[in-house]
Amino acid sequence: MTEEILRVRGLRKRFPGVVALDGVDFDLRPGEVHVLLGENGAGKSTLIKMLSGAYHPDEGTIFVDGRETAIRTAEDAQRLGIATIYQEFNLVPQLTVAENLMLGRPPRRFGFVDKKAMYSHARELLDRVGVDADPRAPLESLGIARMQMVEIAKALGLRARVLIMDEPTAVLTTSEVERLFEIVRQLKRQGVAIVFITHHLEEIAQIGDRVTVLRDGASVAEVPADTPEDELVRLMVGRSIEQQYPRERSSQGAPLLEVRNLTRKGVFEDVSFEVRAGEVVGLAGLVGAGRTEVVRAIFGADPYDSGEVLVDGRPLPRGKVTAAMEAGLGLVPEDRKGQGLVLGANIRENLGLVTMRHATKAGFVDRAGQAKAAARVAEQLGVRMSGLGQEVRTLSGGNQQKIVIGKWLLADAKVLILDEPTRGIDVGAKVEIYQLINSLTASGHAVLMISSDLPEVLGMSDRVLVMARGRLAGELGAAEATQDSVMALAVGELEETA
Amino acid sequence: MTTGTLRLRKGSAVLSENGSLLGLVVLVVALTLLSGDFLTVTNLLNVGVQAAVTAILAFGQTFVIITSGIDLSVGAVAALSAVVLAWTATSHGMPWPLATGFALIVGIACGLVNGALITYGKLPPFIATLAMQGVARGLGLVISQGSPIALPDSVSHLGDTIGSYLPVPVIVMIVMGVITAVALNRTYSGRAMYAIGGNEEAARLSGIKVTRQKLVTYALAGGFAAVAGIVLASRLASAQPQAAAGYELDAIAAVVIGGASLSGGKGKALGTFVGALILAVLRNGLNLLSVSAFWQQVVIGVVIALAVLLDTLRRRQAR
Amino acid sequence: MTTGTLRLRKGSAVLSENGSLLGLVVLVVALTLLSGDFLTVTNLLNVGVQAAVTAILAFGQTFVIITSGIDLSVGAVAALSAVVLAWTATSHGMPWPLATGFALIVGIACGLVNGALITYGKLPPFIATLAMQGVARGLGLVISQGSPIALPDSVSHLGDTIGSYLPVPVIVMIVMGVITAVALNRTYSGRAMYAIGGNEEAARLSGIKVTRQKLVTYALAGGFAAVAGIVLASRLASAQPQAAAGYELDAIAAVVIGGASLSGGKGKALGTFVGALILAVLRNGLNLLSVSAFWQQVVIGVVIALAVLLDTLRRRQAR
Amino acid sequence: NNNSGSSSGGGGGDIKIGLSVSTLNNPYFVQLRQGAEAEAKKEGVKITTTDAQNDASQQVNQVQNFASQSMKAIIINPVDSAAAAPAVKAADRSKIPVIAADRGVDGATVTQTVASDNVAGGKLAAQELGKALGGKGKVAVLQGTAGTSAANDRQKGFVEGIKAFPGIQVVAQQPADFDRTKGLDVMTNIVQAHSDITGVFAANDEMALGAIKALGAKAGKQIKVVGFDGTPDGLKAIQAGTLTADVAQQPVLLGQMAVQAAVKAAKGDKIDATVAVPVKVATKDNVAQFTNGS
Ligand SMILES: Nc1ncnc2c1ncn2[C@@H]1O[C@H](COP(=O)(O)OP(=O)(O)OP(=O)(O)O)[C@@H](O)[C@H]1O
Ligand SMILES: Nc1ncnc2c1ncn2[C@@H]1O[C@H](COP(=O)(O)OP(=O)(O)OP(=O)(O)O)[C@@H](O)[C@H]1O
Ligand SMILES: [Mg+2]
Ligand SMILES: [Mg+2]
C-alpha cells in the first residue's frame, strides 16, 4: 500500500447554531480517487475547506505526508500542493477568462505581468478541458457550465499533488463529464490524489476507488467504490430509496404554455413548442445549446427579437417578468448565487420573495403568514438549517438550492420552469422534489424542466425536447427517449454543421 | 431563566443588532464623566435638536443605501426645498400649509429625477445624485438670488419648543424615524429594497419591479430631505441657499456607523438613529469640553473610528 | 479591410473602452463652437494645469475604487502633506528634497493607517477614510496654526512652466497617469486589485494576500495625494491647510465618470484621466463663457449627467 | 456656580466666554480668533472658540451648547446675519449677553455689535480700483462663495461703488469660493477670454493672491489687483507691489474689541450698542503701519 499523502483525524468545526463537522476521519493516497458522499449539509464542503485553508478546524489534526500540518491560508495549501475546485465558484466575473485561470499567479517577466504568456497558457489550459472560450473574453460572458470548466482548468493549472473537486459535475452534461473523467484518469496515472464529491451516484463506480460516507458531520463508513448504489444510499441517508424517479403520469389537458417561432439573433432561432396541463416536458441538450436562454426569454428575463409566447392562450408582452408571473409562469434559475438568492437575507425572506407581493395588505407584509408558509416549505424540502432566521449565505450548497425551488413552490405557478433544479441536491431530497413535481402536475399544473442530468430528464419527463445550437433538434415521447436517442439529436446537428 | 437575565439577553441583542450603540453608550458615559454640563435635561434636548436635521436626512439615506445606492444630493435638496418654502410663502404669499406641501413636492420631484436618471438613464447613483446636488444647489441660489429669505413666523414655529421640554425638531425626527422603521420592516417596498440591495437580479427574477421600487426609494430620500430642510430653516427662521452643504456626508456616515453597508442589503432605522446621535453627541461634547477648534476635527475623526471599531471588535468576540 | 477602416475600428474601440471619452469630445466641440478662446494652445495648457491636481488624486483613487473601496481622505491628506513640506522646509530649514520626501512619507503613512483600519480593524472604508479626513485636516491646521505657509522657491518651481509649453504640473500628471496605467495593467498588485474588487473571497482563496494588497492600495492613494498636494502648493507657492477641501468628491467623480464602478473590479487609468479632463474642461468653459455664479452649479450638474448618459446610451446602442 | 453676574471690577476672575467663529477656513477669521484669545489672556478670562465651518445651523448648535456651559458672555461671528437670530434668542432666554462680531444679527437684539461693514468695504475697494485705473478700463471680479453674506455684501458694495466710474466696465464676474487655488484657476480662465482687462477686484485676499499668481508679472503693473481682508499674506503682496490695494479690516483689533465688550457685559457694565472697527485701505504707502500692528 502506498504511503498516505493526507490523513485527517477527529476534525471538528462548529458554526453558530450548528456543528458542521463532528469528528471526521479521512485519508487519501496518491493515485486514488476518494469519493466523499453525504446528504446536503452533511459537512462535505466544510471538510474540504479545511484542507484548502479556507476554514480552520476547531479541533482535530491534519497530517500531510505523515507530518502534522496546520493549513492556515490558501497559500499554505498551494505550497503543500493542494488545489481545490470549490462548489461555489471562486472566480472574478469582471476579469477575463485567462486572468481567472491564473488568478493570483499570473506569469511575469521582469517583474511585470506577461499578458502574451498568460493568453497562450490560458489557451493550453482551455484546450485541455475542451472548452472553446476566448481567453480574452470576460468571464461573466460564459454560462454556468463553462464557468465550471474554467474553474476545473484553473485548478489543473496548479499541477497539484492533491486535487479536491467539490461537485464538479453538478452542472455538466454527459459529454463534459466524460471529458472530465478522462482528465481525472490521466491525473491518476500521474499519481495525483483526488478527492471527489458528487451527488450523482452512478459516477462513483465509474471513477472512484474508495468512498467515505459522511452523516451529520461524522464519517460513518469507508467502503470500496463498487459498493452497490442502494447500499451507498442506505449508508448516506439511513434508509433505502425505492424508486429514484417516481414519475406518476397524470392526464393531460389543454396547452398552458405555447412558444411560437421564438428567435433571438445569434442565440436561439425559431423555437416552437407547447407544454400542456399535467405534463412534464424535459429540455435536453449540450452545454451552450441555448436552453437557459430560451427559458429566460420566455419568462421575460431577457428580450427576444421575434416570435410569441402564450400562456393559457393569451400572449405575453416581451421582457416583462412581472407580466409573466401574473400570467402564471415561474422560473427557478440555474445560477442560484447570481440569480436565485439574496445571500445576505435569511431563509424566511428568501422563501417569501416571490409570494410577498400577493400577501401584502394595504402595503404591509404579512410577516406571520410568511413565516408560517416558509416553515412549511422548509420542512417539506428537508432544509438542514439552524432556524428560519439563518442567513442563506451560510447554508450548504444543496440546501441553498432547495430554497430557490421552495420560493417558487410557494408561488403556486401554473407553469413552473425549472433550470437545473436538482443541481447539487442529494438523492433523498431529489426524490422529495420529484414527488412535488408529481403533485403539481396532478393538480393540473405544468412543468418545463431543463436538466443536464440525462437520467433525470428521461426518468421524469413525459416528453423530451432536444436543443442543439440554438434550435430545437427534435422531440421524443417518453417511450422513444433514451440516452442514445437524445444524445444523437443533441450532437447530430453539431456534426452536420461542423 | 429569570426575567432579569431575559432582559439582559434582550438588551444585549439590541446592542448587537444596532451598529454602534455600544459606541454611543461609551461616548455618553465618557462625556458625563468629563463634563458636568453634559448630562442635563436641557443639554440632552439640545443634542436631540442638533441631531434632528442629520437624522432626518440619514433616515432618507437609509432607504437608498439599503438598495446599494447613494444619494449625494440630500443636503442640496434640503436647502432647495427650504428656499422654495420661504419664497412661495413670502414673495408669493402662499398660505403656509400650501407652501410646505409645495416644498415637499419639490423634494420628492428631485428624488424622482435621481431615480429616473439611475433606472432609465442607467447612470451610477454617485453621478446622478452628484449632478442633482449641483442642480438643486444652483436652483436654490437662483431662486433666492443668493441671499437668505426670512421665514414667516407661522412656519418658523416648527423650530420652537412646545412647553419647555418638547422641541418640535425632535418630535419630527422621531416621527420620521418611526416611519422609516415601519416602512423598512413592514411594507412591501421596504422588504423589496433589502432584496434589491442584496441581489438585484434575484429580486427582478422574483417579480419585484426594480425600477419602480428604486423610484420610490429615491423619492423617499428626496421627501425626507425636504422635511429636513424645512426643520432646518424653521430653526434658523430663515431659508439659506447654502444651508446643509456637506450634510450628505454626515447622513451617509450616520447610516454606515449605524451598521449599514454601502454594498447594500443591510441597514436599520434604529442603527441610523444611533449613528446620527453619535455625531451630534460628539460635536456637542467637544463644544462643552472646549476642545480647540483645530483639534476638534482630529478628535471627531478619531472618535468616529473608535466608535465603529468598538462595534467590530465586539462582533468578533461574540463569535 | 483597409487600414482606414481598421484605424476607425481601433478608434471606436478606444471610445467604447474608456468611459465618457465621447462625452469629453462632445464637450470640447461644443466649447470650441461657443467660445473662440477655448481651442487655443495656452488655454488647453491651462486646462491641463487645472486638471492636474484632481487627476493625480483621482489616479490614486482609481486603485482604491477598483478594490471596491473608497478614500474620502485624499483631499485632506494632500493638504497635510503640503503643509508638512512647507513647514519642514521653512521652519525647520530642511533641504527641499528631504522635505519633499518627508511629505511623501506622511501621505503614504496616512494611506497605510487607512489600510490598517480597513483590513485589521475591519472598518468600512467610508468610515475609516472619513475619520482620516478629519484627522489629516485637523493636523494640517494644527501644524500651520491655520495660516498659509509660504513655500521656498526651490520647491515652488514645481508649479512653473518649462520653456513656454511645458507646465510641470501637466508633466507630473502624465507621469502619474502612466504609472497608474502600468501598475494596474502590468503589475501583480494591480491585477490583484481587480481580483479583490471583483470577488474578494475568490481572490483570497486563490492565494492573493488580500490584506497586504489593500495596504498597498491605500498607501498608493495616500502617496498620490501627497504628490497632488505638493503640486497644488507649488502652484500657489504656499501651503494652505484648507486646500483641496472637497477634492475627494471630484476625484471620485472623475474615476466614476471614467467608467469605474463603486462596487469594484472595474476602472482604468485612461478613463479616470478622461473623467478629470471633463471636470476641468467644464469649469474652464464656464469661466470663458462667463456663466453667472448661481447658474454655474446647475450647468455643471447637468453636463456631468449628460456626459455619462451619452456613454450609457452609446453602450446600449452598441448591443 | 452662584456668582453669576456678580463680581465687578478687577481681573476677570472665573469669567468664561464663548466665541463662535463662522469659519477658520480663512486666515481672516483665524486672525480674529488670535486677537480675541490674546485679549482674553490679557484680561484673565477663559475663552472657548468653536468653528461653525460656515454652517449657520452648526453655529446655532454651538451657541446653544455655550448656554449649556453657562458661559458668562457669548461672542458670535455670524455665518449669516438672519440665521443667527434664533441662536441669539436662545442665549437671551438664558440671560447671557451676546456680542456680534464682524457681522450684525438681524431679527434679534444683541448687547453690542462690533463690526466693520462689508458693504462699505466693497465700496471702498471700488474707489481704490477706480483711482488706480484712472477711472477707465475693464475689470474682472472674483466673487466669494455664492450665497454667503460676505460674498453678497462685498459684491453689493463693489457694484455700487464702481458706478461712480462710468469709464470702468465690469467684463467678468466669476465665483472662486474665497479659495486661493480657485482664484488662480478662475483668473487664468478669465484672462483667456478677456486678455484686455486692467483691473481685478477679489472679494478676499486668498482669491486675490491666487489671481496675482495667475497674472504673473502683469500683477500690479498692467493689471491692478484690489483685495479684501488685510491678511498677513495680503499685506506682504502690497509690499511686493503685486497687490495694489487691500481693504484691511483689522481682524485682530476686531477680536480684541469683541472680547473687551464681552468682559464688560459679563460683569454687568453698560456698553454701547454698536462699535465700528475702522476699515482702512492698505496701500504701498501705508502698509508699514498695518504690519506693525499685528
Ligand atoms: N459559514 C457558515 N456559517 C454557519 N453555518 C455554516 C457555515 N458554513 C457551513 N455551515 C453549515 O454547516 C453545515 C455543513 O455544510 P456543508 O457546506 O459542509 O455541507 P455539504 O455536505 O457540502 O452539503 P451540500 O451537499 O449541500 O453541498 C450546514 O448545516 C451548513 O448550514
Ligand atoms: N412571501 C410571503 N410574505 C408574506 N406573507 C406570506 C407569504 N407567503 C404567504 N404568506 C401569507 O401566509 C398565509 C398563508 O399562506 P399559505 O400559502 O401557506 O396558505 P395556507 O394554505 O392558507 O397556509 P396555512 O395552512 O399555513 O394557513 C397567506 O395568507 C399569506 O398572507
Ligand atoms: Mg457542499
Ligand atoms: Mg443552462
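**View 1. A:T292 and A:E334 at the magnesium ion (ligand 4) in the predicted model.** At 13% relative accessibility, A:T292 falls under the 20% limit and therefore counts as buried. A:E334 is likewise classed as buried, because its relative accessible area of 14% is under 20%. These residues coordinate the magnesium ion (ligand 4) in this predicted model, A:T292 through OG1 and A:E334 through OE, at 2.1 to 2.6 Å. The pair joins distant parts of chain A, with A:T292 in helix α9 (residues 291-299) and A:E334 in the loop between β18 (329-332) and α11 (336-340), 42 residues apart.

**View 2. The surroundings of ligand 1.** Ligand 1 is surrounded by 23 residues, of which the closest are A:K44, A:S45, A:T46, A:S396 and A:G398. A polar side-chain atom of A:T46 lies 2.5 Å from an oxygen atom of ligand 1. Backbone atoms take part as well: a polar backbone atom of A:T394 is 2.9 Å from an oxygen atom of the ligand, and a backbone N or O atom of A:A42 lies 3.2 Å from an oxygen atom of ligand 1.

**View 3. Chain A and its annotated segments.** An unreviewed UniProt entry carries the annotation "domain: ABC transporter" for residues 6-241 and 251-494 of chain A. Over residues 6-241, chain A is 33% helix and 28% strand, and the end C-alpha atoms of this stretch are 33 Å apart.

View 4. Chain B is superposed on chain C, with an RMSD of 0.1 Å, by a rotation of 180 degrees with 0.0 Å of shift along its axis. The two copies are therefore related as by a two-fold rotation axis, and in chain B the C-alpha nearest this axis is that of B:S263, 3.4 Å from it. Because 100% of the interface residues of chain B are also interface residues in chain C, the copies meet through the same surface. Chain A and chain D, by contrast, do not touch, and their nearest C-alpha atoms are 37 Å apart.

Terms used: Residues are numbered from 1 along each chain as its sequence is written. Chains are lettered from A and ligands numbered from 1 in the order in which they are written. This is a predicted model: local features need pLDDT of at least 70, side-chain atom pairs count only at pLDDT 80 or more; totals for chains, interfaces and linings use all residues. Side-chain values use heavy atoms; hydrogens and water are left out. Contact means heavy atoms within 4.5 Å. UniProt positions are given in the numbering used here, feature names are shortened, and annotations may be inferred rather than shown by experiment. Helices (H or I, at least four residues) and strands (E, at least two) are DSSP runs, numbered from the N terminus. Donors are N, O and S atoms within 2.8 Å of the metal (3.2 Å for Na, K and Ca); water is not among the atoms, so sites may look incomplete. Buried means under 20% relative accessible area, exposed over 50%, partly exposed in between (1.4 Å probe, protein chains only). Copies are superposed by least squares on the C-alpha atoms of residues with pLDDT of at least 70 in both. A residue is near a molecule or strand if one of its heavy atoms lies within 4 Å of it. A polar contact is a pair of N or O atoms within 3.5 Å; within protein, one must be able to donate a hydrogen and the other to accept it, and residues adjacent in sequence count only if both atoms are side-chain atoms.
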